[in-house]
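Subject: Handover of a structure, with findings

Dear colleague,

Please find below the structure that I am passing on to you. I would be grateful if you would read the notes that accompany it.

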Amino acid sequence: MALNIGSAAAAYARQAGIGKAAPMEPRDKDPTQSFADMVGDAIKGAIDTGRKSEALSAKALTGDADLREVVTAVTNAEVTLQTALAIRDRMVQAYQEIMRMPI
């Protein structure tokens with residue numbers, strides 16, 4: 001079996017093109033939305049996730065909720081809280097770095 005270097009290179013090029021992702025599309029949201037509004041919306045979403053988790057946990061105590069739904073809701077709330085804490089830590093770290101900058 002004779003191998004052609006050109007065909008091998010073409011095969012590698014085809015394989016490299018398979019994993020390329022499509023370009024990102026712009027968001028449909030209002031481009032004039034401020035950073036404060038974006039953070040506020042994210043916080044509201046996190047609070048809603050926590051409230052849904054609490055409501056399902058209360059229903060589980062009375063036996064009105066499926067255990068899988070409760071575990072999923074509590075896990076979502078936990079991940080949301082961990083994400084919010086990580087963002088807070090990064091914001092505090094960025095603020096501290098800015099404050100240490102010489103004027």
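The notes below set out what was found, beginning with the model as a whole.

**The model and its confidence**

This is a predicted model, in which local features need pLDDT of at least 70 and side-chain atom pairs count only at pLDDT 80 or more, while totals for chains, interfaces and linings use all residues. Residues are numbered from 1 along each chain as its sequence is written, and side-chain values use heavy atoms, with hydrogens and water left out.

The average pLDDT (the predictor's confidence in each residue, from 0 to 100) is 83 for the protein, and 83% of the residues score at least 70.

**Overall architecture**

The secondary structure consists of three helices and zero strands, and the order from the N terminus is α-α-α. Helices here are DSSP runs of H or I with at least four residues, strands are runs of E with at least two, and both are numbered from the N terminus.

The accessible surface (Shrake-Rupley method, 1.4 Å probe; for residues, only the protein chains shown count as cover) comes to about 9,400 Å², and 62% of that surface belongs to carbon and sulfur atoms. Of the 103 residues, 5% count as buried. Buried means under 20% relative accessible area, exposed means over 50%, and partly exposed lies in between, with a 1.4 Å probe and protein chains only.

Helix 2 has 28 residues and reaches 41 Å from its first C-alpha to its last, close to the 40 Å expected at 1.5 Å a residue. The expected span is 1.5 Å times one less than the number of residues in the helix. Just after helix 2, Gly63 takes a positive phi of about 85°. The 34 residues of helix 3 should span 50 Å at 1.5 Å a residue, and its end C-alpha atoms, 49 Å apart, agree with this.

In helix 3, Val70, Ala73 and Ala77 are buried, and the buried residues of this helix pack against helix 2. Leaving aside neighbours within four places in sequence, Ser53 is in contact (heavy atoms within 4.5 Å) with Ala73, Val74 and Ala77.

Arg51 is also placed in helix 2, but this residue counts as exposed because its relative accessibility is 57%. Arg51 and Ala77 are 26 residues apart in sequence and 8.7 Å apart in space, C-alpha to C-alpha.

**Surface features**

Phe35, Met38, Ile87 and Met91 form a nonpolar patch on the surface, with about 410 Å² of accessible area together. The elements that give two or more residues to this patch are helix 2 (35-62) and helix 3 (67-100). Patches are made of residues with over 30% relative accessible area and no salt bridge; like charges are joined within 9 Å, and nonpolar side chains (Val, Leu, Ile, Met, Phe, Trp, Tyr) within 5 Å. Phe35, in helix 2, counts as exposed because its relative accessibility is 54%.

The count of salt bridges comes to one, a salt bridge being a side-chain nitrogen of Lys or Arg within 4 Å of a carboxyl oxygen of Asp or Glu. The side chains of Asp89 and Arg88 meet in a salt bridge at 2.7 Å, N to O. Asp89 counts as partly exposed at 41% relative accessibility, and Arg88 counts as partly exposed at 47%.

Yours sincerely
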